[in-house]
Amino acid sequence: MIDRFSDRVLVVIGDVMLDRFVYGRADRVSPEAPALVLRVEDDRWLLGGAANVAANIAELGGKAILIGRVGVDDDAQIIRRLADQTGGGLGLRLVEDCEAPTTVKTRYLAGDRHLLRADREKIGLSSKCEAELIRTVEAAIHDADAIVVSDYAKGVVSDAVLSAVFKAADSGRKPVIVDPKRRDLRAYRGATVITPNRGELSLSTGVACDDEQGAARAAEIAIEQTGATVLLTRSEQGVSLYRPGLEAWRDMARAKTIRDVSGAGDTVVATLALALASGADMTAAAHLSNVAAGVAVSKSGTSLVSPEELRLALLGTEHGTDSGCAKRLPLKRVIEQRARWREEGVKVGFTNGCFDLIHPGHVRLLREAKRHCDKLIVAINSDSSVQRLNKGPSRPIQNENARLEVMAALEPVDIVLMFSEDTPYDLIADLEPDILIKGADYTEDRVVGAALVKARGGRVVLVDIAKGHSTTNLVARSAPSSDAA
């Protein structure tokens, strides 16, 4: 299904925004007012609103045609520049409005903690802009496989624009996926599916969605008003799918770690639309979008999800969270993942070894290693490499595939891969870890790659390990005695 995304063309119509994230440290209170002082260390500009939906589609491999309004200002130029950086999967059909600024949301964060959001915007749409948007929609939908309406209540998704979308989509029998913000959901009649969150559905129906009964009743009202399927996003509770005449279907949340929920709804909409346009049924599309959202919220800021990340996350849900299937990667994919972690500011640790028979010493090493980093990569010697290390003719006891599987099942490990060289020096050069971890039975000058890591500003950590444990000792104790009868 994910492979089919590259053939799909989706039109995204809605409120185009620019998201700015200002990162820093807040460790003191201003003497001028009871407010925190943020010491700014970095800032980041990202596509937001409907533009983030389109960017998610492009990142997942699809083609997105983005239709929306921007101002005649520098922020609009930033949006165009960011769109150019998506690699050609995002085309712009933006209408300029000289009477309104480009919508910008600025979030101030201390670490991953949001302190404040400041919005610059003008709500509403001039008749001139509305007419231009309608002409653009009618021209673009002809070649689309599906349409996404991303309504952030800034004015672009007017009654007239919605009417044009539904009319054009109906004539071409194309699915329309709507992310709604209106209190009156009847405006979205004609949509194939709507994707409200709990707060939005509660507000529009007057029914609290705090439990299963309330959510089901609110969804029933929404279906009556729109005739559409309802995919309710429920944050830490995952998603629920409500279809006319069918029982509710629920998919639990997939994220183990939540760093930032900004833009997660956009990821859901983009993935759902691509899956439906690629021929998936509604439950398969909903499941895929929920998995993608789990990947998105594990990152900082409004984050995109790549096909490879989605495949890996999907492997984890299919095979169980303890199987480790999603952790075993070839080098090329590990390098790609390492690059994404670098962009997100994730600290990556690296350790290596034969790990033949896992014993308490290994477990202690891995637990301590994970304490020093956000993500831990473990490299395991291949069978041929182990044999060259003079471990003895009977080693390794477990072959390389078995050792990879056991290592991948351990909770502290995020990625495991194999190397055939005598040392992991080349791997360390390729992956550029921030932290190199070995047992305290080493000295820093004996740690392969230590100088390489430190030259890039990284560090070497030597952790205490459980004494008296080694695979060699285990093998010796398990060998039959020569005095045995």
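Which side chain does a polar contact of 2.7 Å join to that of E121?

A: Happy to! The partner is K154: a polar contact of 2.7 Å joins the two side chains (a pair of N or O atoms within 3.5 Å, where one must be able to donate a hydrogen and the other to accept it; residues adjacent in sequence count only if both atoms are side-chain atoms). Do keep in mind that this is a predicted model, where local features need pLDDT of at least 70, side-chain atom pairs count only at pLDDT 80 or more, and totals for chains, interfaces and linings use all residues. Residues are numbered from 1 along each chain as its sequence is written, and side-chain values use heavy atoms, with hydrogens and water left out.

E121 is found in the loop between β7 (113-120) and α3 (127-141), with helices (H or I, at least four residues) and strands (E, at least two) taken as DSSP runs numbered from the N terminus. Not counting residues up to four places away in sequence, E121 touches P101, T103 and K154, contact being heavy atoms within 4.5 Å. P101 is 20 residues from E121 in sequence, and their C-alpha atoms are 6.2 Å apart.

P101, T103 and K154 are also among the residues that line the largest cavity (on a 1 Å grid over the protein atoms alone, a set of points where a 1.4 Å probe fits but cannot get out; lining residues have an atom within 4 Å of a point). The largest share of that lining, 3 residues, comes from strand β4 (residues 63-71).

Note on methods:
On a 1 Å grid over the protein atoms alone, a cavity is a set of points where a 1.4 Å probe fits but cannot get out, and a pocket is an open set with protein on both sides within 12 Å along at least five of seven lines; lining residues have an atom within 4 Å of a point.
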